[in-house]
2 protein chains.
Amino acid sequence: MAASWVPDVDPSSDFSLANIPFGIITTQDDPAPHAAVAIGSHVLDLKVLAANSDLTKLFPGIDGLAEIFSQSSLNAFAQLGRAVHRQVRGAIQDLLSTDTQHPEVLRDNAELRKKALLPQRAVKMHLPMEIGDYTDFYAGFHHARRVGGMFRGMDNALQPNYLHLPVGYHGRASSVVVSGTPVRRPVGQILLDKDPVPVTAPSRKLDFELELGCFIARPNDMGSAIPVDEADEGHIFGYVLLNDWSARDVQAWEYVPLGPFNGKNFATTISPWVVLADALEPFRARPLENQTQLQQYLGEIQPPLQQYLREKRRDGVFDIQLEVELTTAEGDTTTISRTSSTNLIWSFPQMIAHHTLGGCPLRTGDLLGSGTISGQGRLESGSLLEMSENGWRVVELKGMDARTFLKDGDTVTLRGFCGVDGGRVGFGACEGRVYEALQKVTD
Amino acid sequence: MAASWVPDVDPSSDFSLANIPFGIITTQDDPAPHAAVAIGSHVLDLKVLAANSDLTKLFPGIDGLAEIFSQSSLNAFAQLGRAVHRQVRGAIQDLLSTDTQHPEVLRDNAELRKKALLPQRAVKMHLPMEIGDYTDFYAGFHHARRVGGMFRGMDNALQPNYLHLPVGYHGRASSVVVSGTPVRRPVGQILLDKDPVPVTAPSRKLDFELELGCFIARPNDMGSAIPVDEADEGHIFGYVLLNDWSARDVQAWEYVPLGPFNGKNFATTISPWVVLADALEPFRARPLENQTQLQQYLGEIQPPLQQYLREKRRDGVFDIQLEVELTTAEGDTTTISRTSSTNLIWSFPQMIAHHTLGGCPLRTGDLLGSGTISGQGRLESGSLLEMSENGWRVVELKGMDARTFLKDGDTVTLRGFCGVDGGRVGFGACEGRVYEALQKVTD
Ligand SMILES: [Ca+2]
Ligand SMILES: [Ca+2]
Ligand SMILES: [Mg+2]
Ligand SMILES: [Mg+2]
Ligand code: NI
């Protein structure tokens, strides 16, 4: 990848020229949310670019981009499909390259540079997409196994369906928020000690979940399934980091028989920049091997994967280095977990094929969560539930502090990136700070 | 209630002058979806009314109605709040009354009558609301008890949490469709006989669920709960009938541990007319008594209801007569179930108070389902799962036909109404016909 003429692109930046993620910003001059891309420590304001240059020359053959970049979400852009995303990202990479074919547009145009190229700290980030529906899967194998083992013993850790289909549940779209949004500790019904009667109280087991989120580009018609090998190119827009905040005590009491509800619907935080699917292409990797696991866990039974879940390609996931930081109210930051997104047993194309198998329509802007991503070791866990073994072991922090679950004032920051310095493709921070519950025990 | 001058208002019509439900229509003259109300066998086109009369005289003090009635959903109208809905419905009731205070506007204006008052069969109905999130509860006590008993025995029929909180799950908003939309039998992973390995095949246990749906008028802020006694007046717009189509075999295999997914997300049908909350006020009734049930099922333990679920009023549900009709491909129609919406153990205000307890934001247009409504008897069941005892008993139909679950070509029609002839407040039909699955067994 060529170098960029944009100042201050730190080699360790998630937003190298190899990335060019899309987001929605407001600026001091323009309080109406609109599109931008990130480059180093700057953003390129695409609405300002569109208003001051001839987009038909930069992106030949693509109509309506000026209007699309002025909208308050990336949905209309996502809807254009992968071929257009590829062409637009490529043209922006050229525009920001030292040896751009169009130096006059921006590189050598001081006036436009001043208006269109803004420091990231000077803009406010918003939710990048209008999310119709949010579905959260459970494809993090080590997470599912460790959590299952905790509650049912390691012999019954995985439910019988786990290796046959990407287990998932419908989440709450209205409470998906962008990184930086305060997270209020939820009040809920919980059981204290061994009392069989619940109380209404602030959750004592507030947790994070480290996940990868996937946004849908083009929809499918209701009643028609998406073939697994068409899911990526045909339907995936891009990726974000996702923290599926979870109140473990609320969830434990409520979840039978219809699944998580108030334990999950109070907040889900995503990182603001959508890393386009094409930017992650060079970092493909193999998911965890399902067949092996089948042999291991089902003994003699070795059923093949159902036909609709069989991918032609064997590198359906990405090797994204993931980290979780916990920052205390005192300001001490500890990296409490390091893992990789190869720890998934289902790829997003498999999740999409399964989600639509019965005809469920996915729409542009829908969000899919991978499920909590954990490695095998305890300090590769994507949740405190695992790290603390449901509250029995403390997780040690800098400043002589320790946690089992989250404390008011804690900030959780997820980070993720691929590649090496100078060509990193990363997500930036996905963070949220926990604020004390509004209500106290009322019963 | 006064009589209406509108022709052909049959005394048995669901759409008496006492009702005035709102919906979204397209007409031969106007293919852009817009608002209307139902009266007898006609609709009053509110966009045409707005274009041809002075709405500020009809609805004094309410601005912007002409624009709001031209929109493709009722969301902007719902957002105005209950006081406005009350005033607008009252003014329309007056306009359509024999002794209207504004005879010149419509009753005596043949030209406008011809344009604005259309036969229902001449208009096409659309989804009335833009649904951000759809949540389905499980408040039908007899349904929960009977289904629980079927799978866990009657001694453990209800889960420990059932009488403490309104159990619910997040549904799939993208597959909510309006009455009349074809329903494609879903393909899914199912277990055949006692084989532990699934096959991918069309569901053999396709079922309906008889439910009441509730639309949200005004939103709550994220992080702030809605008090149970403020939920009705402050946040409820109106009601529809809801059929939560369910593939029982898909659901049985997939639902552990995160709840229903593909077994429920292929289609949910709602009736097209939103019966405003005020129209149901005269038909309030008491829900099933929770305390009694607690004593009965938890033995000595008699915890009071958690404070946030205690309603001041004791008539939190409505006495709506409900019916399910099954029409075969041959055209024989059998009413297979008759019950009442008093068979709920939680009211919608209680569901709303619980949904928002942890701070989950409800938005204008969100849809809440009551859960399947069943009476005590087998022929008062809101699902075939109950009537057929999971396929063990046949349900007899006219034409010497019989069912355990639904057959391709079957049409399920839900009906519901309150009150007596001449003053009925009803929903019209909520119907869907089952079409054969697109895919055959692939594995
Ligand atoms: Ca999760
Ligand atoms: Ca249901
Ligand atoms: Mg969440
Ligand atoms: Mg449904
Ligand atoms: Ni060029």
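**Close-up 1. B:Arg403 and its salt-bridge partner, B:Asp401.** In this predicted model, B:Arg403 is buried, with a relative accessible area of 4%. Its partner here is B:Asp401, and the closest N and O atoms of this salt bridge are 3.0 Å apart.

**Close-up 2. The salt bridge between B:Glu389 and B:Arg393.** Staying with chain B, we find the closest N and O atoms of this pair 3.3 Å apart. B:Glu389 is partly exposed at 32% relative accessibility, and B:Arg393 is partly exposed as well, at 39%.

**Close-up 3. A:Arg86 meets A:Glu233 in a salt bridge.** Here the closest N and O atoms are 2.8 Å apart. A:Arg86 sits in helix H5 (residues 82-95) of chain A and A:Glu233 in helix H8 (residues 231-235), so the bridge ties together parts that are 147 residues apart in sequence. A:Arg86 is partly exposed, with a relative accessible area of 36%; for A:Glu233, also partly exposed, the value is 41%.

**Close-up 4. A network of salt bridges in chain A.** Zoom out from the previous pair and you will find A:Arg86 and A:Glu233 linked in a network with A:Arg82, A:Asp232, A:Asp278, A:Glu281 and A:Arg284. Over all chains, the count comes to 56 salt bridges.

**Close-up 5. The magnesium ion (ligand 3) with A:Asp244 and A:Thr268.** The ion is coordinated by OD of A:Asp244 and OG1 of A:Thr268, at 2.1 Å. These residues are 24 apart and link distant parts of the chain: A:Asp244 belongs to the loop between strands S14 (236-243) and S15 (246-247), while A:Thr268 lies in strand S16 (residues 268-270). A:Asp244 is buried, with a relative accessible area of 0%, and A:Thr268 is buried at 1%.

Note on methods:
Residues numbered from 1 in each chain as written. Chains lettered and ligands numbered in written order. Predicted model: local features only at pLDDT ≥ 70, side-chain atom pairs only at ≥ 80, totals over all residues. Heavy atoms only, no water. Donors = N, O, S within 2.8 Å, 3.2 Å for Na, K, Ca; no water. Helix = DSSP H or I, 4+ residues; strand = E, 2+ residues; numbered from the N terminus. Buried < 20%, exposed > 50% of the residue type's maximum accessible area, 1.4 Å probe, protein only. Salt bridge = Lys/Arg side-chain N within 4 Å of Asp/Glu carboxyl O.
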